[in-house]
Structure formats: structure tokens, C-alpha cells
Amino acid sequence: MKVSYFPGCTLRTKAKQLDKYARRAAEALGVELEEIENWQCCGGAFTTSTDEIATKLSSVRALNEAKVKGQPLLSVCSACHNVLKQTNDAMKNNADFAFKANNYCEFEENYAGETEVIHYLELLRDKIGFDKVKEAVKNPLTGKKVAAYYGCLLLRPGKVLQMDDVENPTIMEDFIRALGADPVVYPYRNECCGGYVVMDDKESAKKKSSKVLESARLAGAEIVLTACPLCKYNLEKSGMDMPVVYLTELLAEALGVKED
Amino acid sequence: MQRIGVFVCWCGSNIAGTVDVQAVAEALKTEPGVVFSTNYQYMCSQAGQDIMKQAIKEHNLTGVVVCSCSPRMHETTFRKTAAAAGLNPYMVEIANIREQCSWVHKDMPTGTEKAIILGKAAIAKVNLNTPLTPGESPVTKRALVIGGGIAGIQTALDIADAGFEVDIVEKKPTIGGKMAQIDKTFPTLDCAACILTPKMVDVAQNEKIRIFSYAEVTDVKGFVGNFTATIKKKARYVKEDVCTGCGICTEKCPQKKVPNEFNLGMDNRRAVYIPFAQAVPKVATIDPDHCTMLKTGKCGVCAKVCTAGAIDYTQKDEFIEENYGAIVVATGYNPISMDKFDEFAYNQSKDVITSLEYERLMNAAGPTAGKLLRPSDGKHPHTIVFVQCVGSRCSACDEKGKEYCSKICCMYTAKHAMLTRDKYPDTDVYVFYIDVRTPGKSFDEFYRRAVEDYGVHYIKGMVGKVMPEGDQLKVRASDLLANKQINIDADLVVLAAAIEPDKSARPLATMLTASMDTNDFFTEAHPKLRPVESPTAGVFLSGACQGPRDIPETVAQAGAAASKVIGLLAKDKLTCNPCVASSNEIMCNGCSSCANVCPYGAITYVEKEFRQPDRTTLVRRVASVNEAVCQGCGCCTVVCPSGAMDLKGFANNQIMSEVDAICK
């Protein structure tokens, strides 16, 4: 299976492990990731801007490239996935936005949201299947108490993202089970980590992320799993004694492809 | 040739605001057959009617066209006016230039143009109208009430009180409905069972009332005064007339783990059960989904212990047909499912419950015998959070909830909060609300008492999230007046779920050809002036099937529906609509197409002698319409291959002439 892959900026800098293990695990599972050529920032820093198309254009280009190749577009960073999926939805359903973006991009054929945008977790669940992932596991993480941290961007807005129930999701817990570990369900698993607030008010962000980790600790977690570089950053800056790892890292470990 | 008078109504500014009535009257003056045309401010007023009467006499009018509001509003008025002036009432036609013209158009030229066209069509039709005389049909003096909650009970009692027979069809094993599950009633706080059960007993003892419990209406045929309903009596595997209701079977049945729906699944019942102590009829019912005997053929304990010999495992569903003059729909409501509201963790924690579940927790006959204990661990809760409007007034979350206000939640939540504080002063009670709506007699005083005398914390704002942690529920909410986020560690969270019509309502509406709104509430014939009648003649509405309402309103409406039914059943004959089908016997070839499609069975075939041109006699089979039974639906006129069937008052040539006039 071949899919188009959009890594995103942070995966080139701060979140290299997220990218590295995503590629290794995919290879181990028989999926070929074809990196989008000349990709640029998804526009993730501007998620809330709705009246400006410029920030979304690089997403539109990436989506169109996947369409030309006839492949689904895969990303692993929560923010990139969120922006790509929302932009794709806008290209499909917001005629005004689509008209402006197409006018600007001048593709050979207008782009109308044809590409299927999937997150790495959806690749595992829907394209490969958690049962197949389970079969491929070489080092089952038996007995490990793993708390999935969803954050806000991975699932919301639910109507567009359509990955899982936004209030009571199960996809990451199912993933953890596939690796042989025990998922820990705790109340703060889809609360905000503080997000970009950290740039301007470190204390507020710290308060938010320590609550998340404290809640996971109370529920008996040994390790917290995330797909988002910003979440990882905030959670680690909270000063709590709780390891936070990318889901791809744990996957690579279970598949036995982590060590070089 | 007809002599037609045209009367254009202004309806104040309702029509005259967007239609140049003067120009319409002028333009229609020159239409074929028109000998008089005028306009007036309010044609429906006494003065307006007098103008019409005078014109009919002075100009010897043989037909009248009124350009006014929908015929639903004033067709009868103008027909009566014409009749008073000596004209056949069916020579009056209405051109609807209000609902279908002035109200939907914004500018005068378009509105005027369309009004003129609609007027021309009506004139073209009147030119072909013939005087019609209505017949009569008999009335079956028995009413059917569908649903045995407080609405159905009250309607049945009132109809029976007037001396007419009533049948109640209730799908559950007992009548009583939601009110039987409620603990106390607002704002007087009297016990719901204490005021409901005497009425249930009255129903059981009333000689005029029959109860078909554990039964459903599966088919309805006929029309006002002459309905035929098919009632499916579901097999309860207990002989109703033999069972004494002693309850021994319900104690001895070894199948103990069946969720008890009367207590909303918070405790268990046996496979053979009587829903509650005061059930009417007090007869056991075997639940075929859980009975070991019915499923595997091995058990039979209930039959062994029954001293009356009432158990019958071979019972089958039974269908009975019955005739009725009127039908009352009283199918009630249900709280919506909380599945889509996972932010409140209803499916994640046993200690998040709905308000109806809270009623059962407070009730002496409930799963905790009236003690307020948490469903999860049976401990006494100290902090209780009530969340109002869960799924109500929910326009932002379209497919999740309902756009309307469920109306009863503010009051029952105030009741719950007050009773909790009264019985357990050691509890902290919070109520989160969008608005508190208490427009009822003694309602606001009741709510103020909850706040001022009982110290309930009312907080304006919604709960964003409920998170189960350990044995507590972390409630995060906004306090809009203080403009801050608040967090409460609660022991119990109670959700005031929106209410929706019972699921049985939609198929029933189809059966009755009664109309519903987008939320599946039954629509009334007129929202202000005919609030308890459905637009379908002979079908009446009682209770929450029509919209959210509390008990006093339901009882009032139930009485109103009953009085309408009594008014109908008191008549020996009903005047029929003369706009019925008739067959041209010369053209009819006796093919039976019309009889096959007639929903009312109004068409029969007769052998008739015809004189041939050569003076011989030929006997042919031809269709004959029973005018008392025909409802003028027009199905037969569409299927008739020879064009012999036509509808009086809506004849094919009349409709075509209207179309021609519009397209001219």
C-alpha cells in the first residue's frame, strides 16, 4: 500500500522521533510513505483564521498532489492533520473558499476536496487494521499502563474530523491494546494542554498540562502517549514526573524496529 | 351562462399591502361570466357579507368568487353567506390571494399580477360549477383513545361520563403512563400516585370503558364517524380474565435478572411481572424475551404456582376489529437518549442519571425504597449537580438535540432540588440553567422558594463536561454572571433530558393521515382556535403527543379533546361532503379499477339495463358510488381508464379550465 505523506515542520525539528518512528513502523507494516514534494507548513499556526486563504494554500497544494497521485494523504502530527482535514472540508463544502484557492493555485484541474485525508491512527485502524497490527507486534508491551492523551486537535471539530467520538473516544485505547499494553482511561484525556497559550503565558499552560498529567497519574498511568508535538512540549514543560512519548515511538518499540 | 360576482378582500393590509386590490377587481370585471366586481376592506365582516348578499340579489348572481384568505379560514363563512342570499353554497369559490400570494410576495406588481391570475382561475372554475347538495352519514357512538397515560385516562373518563363508550389501547401491560413513574408533582408537591391511581381505578370500574392493555393499533380505516380500527392484543401468556393479580408467579419466577423498565433499568424484575403495585389491569405479563419456558420449553414454575390456572404458554397475538366514531391520540412522550451527550458521561458513570431516573430514586416504590442513594455504590450523595436543557433549545448541536424548549424541566428540576434539600439538608445542590422558565400558576413562587428558602445554588451557565474520577464526578461549568469557570466535585449528576414524542407516534400518524411537525409532534387543526383537533376530521389530540406539556395542561387538554369527541358522538348524522365521486354509466366499462383503489370501499358494481339505439336492451355491469361513504379523495378518477369517474365540485373539466386560465 502506498500513501502520500505530509510530515510537517515540527517533525523536521523538535519532533524528529515522531517522524522517524512513523516511517519505520509503516515500513514494518508494509506501507510505503511517499513524501509530498516541496511541502510547506500546513498553516497550523493559523488554525483559527477563517477569512484568509493564504495560510491554507500550502495545504491545498499538498492535498492536490495526493489527488494527482490517487493516494490518501497521511499525516501524523495532530495539528497538521487537523488543518489538512479542515482545509479539505472547506474545499469540498465552502464554495467561496474553494473558488479563491483554485483561482490562486491554478491547478490543471480544479481541486474539490477529492483526497482522503487520514491520520496515522486511522491508517492503523482502517487501512491496516488493529488486528493486523497486533499480529505484527514482536515485543508486546504486556502489563504496561499507558494513558492515551488526545488533546484537542486530533478529534475536534468532530463533524469534520470524523475520527472518533469527541467526548468518549476509543481509537488510542484500542491502539494501546493492539500493542499488548493496558490502556488507562482518565478524565482529562481530551482536555487542552495549554496549546499556544504557552507562548504568552507559561503559567497558564503549565496549570493545564499538570492537571492532565496529574489526572493520568491518579488513574495509574506509567507513561502518556500523544500524537502532537505541541502537547508533548507543554506536558514535558509542566515539570511533572511522567514520561510523555509519541505514539509512533511506542509502536516502533512494539514492532521491534525502534533501535537502529 | 353564469352570472358571477367577484369580491376582492383587502384583509386590512394583509392583502392590500402587497396586492393592488382595486386593480384586481378592475381586471377581473371583464372575465367571461363576471357581471359584478368589487373590493372591500374585510369581506368576512358583517358589512362585507352584506355587500355579497346584496350583490347576489341585485345582480341575480349564480356564482361567487371571493379573492381572500385560504379556504381553510373562511370558505364556510362565505358559503353560508351565499346560502343566506338564496345561492347554492357550492357555487362559491375562493381564490387564495393571501397565504399563496400577498404573504409570500414582497412587491406590489408581482403580487397584483399573481392575484389576478388566481382570480381568473377561480372564475373559470365557477363557470363550470353546478349546485351540489350534501348527504348524510351515520355516527358510530364509540370513541377510541390511543395511549393510557394521564392524557388518555382523563379523555376516556370525560367521554364515558357523557354516556359514550370508550376503548383505551395501551401498549404497556398497564395504564398510567409516565405519571405513574413520577414521585411528586409540582408546584403543590402532592404525590403523583395518590392522585393518579384513583383515576386508574375509575377507568377500570367504569362500565363504559374497556381497556386493551399490552395492545397496539395496527390499522385504521374509514373516516369521521365511521372508523374501523384493528387492535393487536399482544400475547401476555396469562389469561387476563382468570389472573387475580396475586403476584405469586412474580415472586417465584427463577429468572430474576430482567432490567425493570418501570424503574428505568435501575433494578431487576422477573420474567413474569406486574409493573407496579397499583397497575391496572392488575394482571401478570410474561416477557417472552426472558422467559425460560418460552425460550427453551423447560421451566413452567409460574404455571405450577398459579392457583387460578391463569398461565397459558400457548397464547398467541390476537387481532380484533372495532368500529369507532372518533379517535383520540394520546401517545405521550419520552426523554431523549443520552447516547449523543457523552460530555456528560452518562454512559461512562452510573452516577450520571436522568431526571426521570431521579424520580424513581426518590420514590418509595423505587429501586432504593425512596432513599437517595447513588446507583454505583449505594452511598448517600452529598453534592448533587442538576444540568438543565440537556438536548433542549439545542440549535447549535442540530442532530444531537432538539431545537425546542421541553417546557417541564425547569419546574421538575426545582422540585427535585427543593425536595432533596428538604429531606437531606446535608446535601449541596447546584442547578445549572440557561434561563429559568416558570410561567405557570404558582410556578415562579415555587422556584423562588427553592432558591430562597431551601438554599439551592442556581448558577446561570452550562456544564461543559462531566469527568468520572475515582468515585467522584468532576463537573466543569461556566458561571456566566461571575464570568468564570467553576469546577465542582459531585457525587451525583442529574440530567434534565429533552423530551420527544413517543416512537409509536409517526407510524400512527401515517395510519390516521394526521399531520406532524418536523419534531414528530402532532399538528393541531389551528394553533390558536382548534388546538385539540387534528386537521383530519374525527381525530383529536390529547397531551404531550402534540407538544411538551405538564400535567395540569395535559388534563385540561384531555378534557377539551373529550368535549370535542362528545360533540361529535352526540350527533346522529353527519353532513357529508357533497364533493364526491360519480360515475358516468354510459362510459363505464365495469373494469373494477376504481373499486380496487378506493380506500373507503365506497364503490360497488350493479347490473343495469341500457336501451340500445336499435331499441334492444343490454345488461351491463357498472360502477356505483355510495355517496355516504365516499370521501372525495379522487383516487378513482385517476385510475378510471375510460374517464367515466369524476369528482363533483372538482371535475376534470373544472380543473383543466383553471389550468387554462392560469396559463393563458
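1. Among contacts in chain B between residues at least 6 apart in sequence, 70% join residues at least 24 apart, a contact being a pair of residues whose C-beta atoms, placed from the backbone, lie within 7 Å.

2. This is a predicted model, in which local features need pLDDT of at least 70 and side-chain atom pairs count only at pLDDT 80 or more, whereas totals for chains, interfaces and linings use all residues. Residues are numbered from 1 along each chain as its sequence is written, while chains are lettered from A and ligands numbered from 1 in the order in which they are written.

3. Chain B has 664 residues, of which 45% count as buried (20 or more other C-beta atoms within 10 Å of the residue's own, with C-beta atoms placed from the backbone). The C-alpha trace of chain B spans about 95 × 65 × 40 Å along its principal axes.

4. Chain B contains 19 helices and 32 strands, taken as DSSP runs numbered from the N terminus (H or I, at least four residues, for helices; E, at least two, for strands).

5. An open, antiparallel sheet in chain B is formed by three strands in the order E22-E23-E24, where pairing requires that DSSP find at least two bridges between two strands. Strands E22 (463–469) and E24 (484–490) of chain B each have a single partner strand, so one side of each is left without a neighbour in the sheet. E22(B) pairs with E23 (residues 472–479) of chain B over six bridges, and B:Met467 has B:Lys474 as its bridge partner in E23(B).

6. Between the chains, seven residues of chain A are in contact with eight residues of chain B.

Definitions and conventions. Contact = placed C-beta atoms within 7 Å. Buried ≥ 20, exposed ≤ 12 C-beta atoms within 10 Å, placed from the backbone.
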